[in-house]
Amino acid sequence: MIRVELLKMARRPRTWVSIALLCGLPTLVAIFVAVTHIVPPPGEGPTLLSAVLSNGSLYPAAALAIVLPIFLPVAVAVMAGDTIAGEAGSGMLRYLLARPVGRTRLLAAKLVALITYTLSAVVLVAVTAYITGRILFGTQPVAVTTGGGLSSGTIAAHVAATSLSGTAMTPADILIRTAATIVFIAVSMLGVGAIALFLSTLTDSPLAAALGALAALITSGVLVTLNAAGSVNPYLPTRYWLAWVDFFREPILWRDIDRGFAVQAVYVVVLLGAAWANFATKDITS
Amino acid sequence: MIVTHALTKRYGKVLAVDRVDLDVHEGDRYGFLGPNGSGKTTVVRMLLGLVYATSGEIEVMGKPVPAKVSDVLPQIGALVEGPSNYGHLSGRANLALLDAAGRKSSGRPRRRRISEALDRVGLGGIDNRAVKKYSLGMRQRLGLAAALLRSPRLLVLDEPTNGLDPQGIREIRDLLGELNAAGTTIFMSSHQLSEVELLCTRVGIVDHGRLVLQQDLSELRALTGRVIVHTPDADRAAALLDGRVEQREGDRLLVTEADPAEVNTRLVEAGLRVTEIRPERRSLEEQMLAVTSSGSDRVDREDAP
């Protein structure tokens, strides 16, 4: 069943169009930056972008920062929202279940396909960005910040501004830190996917499921910046999304990263459990 | 083959299926009839384990449903509420994906089975066009092919001839007849009475969620003990058969007499011409109308005169 789901996903033009768009945006940004040599002032604009002019190897991380706020969550929400609701909407759900495919197995196969998509999307963005980065920017040695406890906005500034005082990163170092970033972002996106997947078992409309998940993210995004909502702040799904920047410090600051992983793990486990409980006992009337 | 006891399904306050006792025998061609919204589809979905019953029991091929539904589903081919498919893929690709889903099927290789199923429904020469470009009739045939993929023992078909032209309906009827002769039990829901009359051996009629009638079609369509006569000499015939003519419409007489030969002899001996004579049978339509009310798709005004 997993093979069938992966095959179905691979045969949908939408899968490839969304990945192409995800890879296209950072490439576009890279071309503009390389041509004009104008980067956002440190602390503004996409994270790490100000640092890439000196070293293209940092561009994968910067590219992920570019797609992270909107593009990537939208793509993942659309794919995850489509999982069950899409089959229900097209009327195939009843035929799959009557084949028979067990409901739990179908959900598991959909989940595997979703994880595969998320991971491929993040990795492909990073790989494309590495190639464009190496071609368009130099590869001078980079320095990491030694500061800690700063908000993510100023970290970017730090990377560029304190490059003289920071320790230099070897290419292997950058590779490992970028790989860790990929894992962190993929897990964060899985949290988004879990929200959309759960909603997908509630409704027969893939659009409603995807938009519902995005609405949840926007709500979370608003509350994160709101001091009055400080009491729920640590539990919001988008709270630690930018914590991966801490991978690019020396030493790595694990506090927010650990919390980020923990929050996403709770969301994923709870929502997948709810999705399973709902789907396994649901009347299929689509 | 299919047995249900007091099968009931409630959606909130709405009672969709009310204590239905179905009894479909092996080898039957069972026609499941009822007005729109009478609960036919809900029953079909419960038989396939898609919808869970509120109360009551279902047994399909001797196994309880939905508890053991995954044991019986591989032997069932189903067409529920119209065919569905992935519109961007070809017909063959759709069947291949559906066949690959679920448990591995033993026996002949997939490609062969797909070709055979397509041949059976008259799509053998289908090209690689995407299904979204198919006509309604082609999709219906493809849906039937999907139901036939695994040579099922039981076919559960919801409106199998929907969207087909008279030629296509005839083909599908012949196909179902052949399959049934080879041992496949057919359970089809329909509101096309003529189809059911032509194909089925047994009918069940539901109305407002209740099974109001379940009978062999031959019993249902029993002789009424009357004879229908068409004659250009209707006045004289009526006089001759005085007292036994129950009804007269132009040159058509309804005569209370079981034996058409007897009536014919009397008329001919009296020198009267007979253009048509036959025993009257109860029609499925009359029976159906007698036991059902109008479907849920009719919505009358509250203040209607």
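Two residues are in contact if their C-beta atoms, placed from the backbone, lie within 7 Å. The model is predicted: local features need pLDDT of at least 70, side-chain atom pairs count only at pLDDT 80 or more, and totals for chains, interfaces and linings use all residues. Residues are numbered from 1 along each chain as its sequence is written, and chains are lettered from A and ligands numbered from 1 in the order in which they are written.

In chain A, residues 24 or more positions apart account for 76% of the contacts with a separation of 6 or more. Chain A has 10 helices and 2 strands. Helices (H or I, at least four residues) and strands (E, at least two) are DSSP runs, numbered from the N terminus. Along the sequence, the pattern of chain A is α-α-α-α-α-α-β-α-β-α-α-α.

Two helices of chain A pack together. The axes of H6(A) (residues 103–136) and H8(A) (residues 171–202) come within 9 Å and cross at roughly 140 degrees. Axes are lines fitted to C-alpha atoms, for helices over the stretch in contact, and angles run from 0 to 180 degrees between N-to-C directions. H6(A) and H8(A) are therefore oblique to each other; angles under 35 degrees count as roughly parallel, over 145 as roughly antiparallel, 65 to 115 as roughly perpendicular and the rest as oblique. Residues making this contact include A:Leu111 and A:Val122 of H6(A) and A:Ile182 and A:Gly193 of H8(A).

The contact between the chains takes 19 residues from chain A and 20 residues from chain B. On the side of chain B that touches chain A, H3(B) gives the most, with 3 residues.
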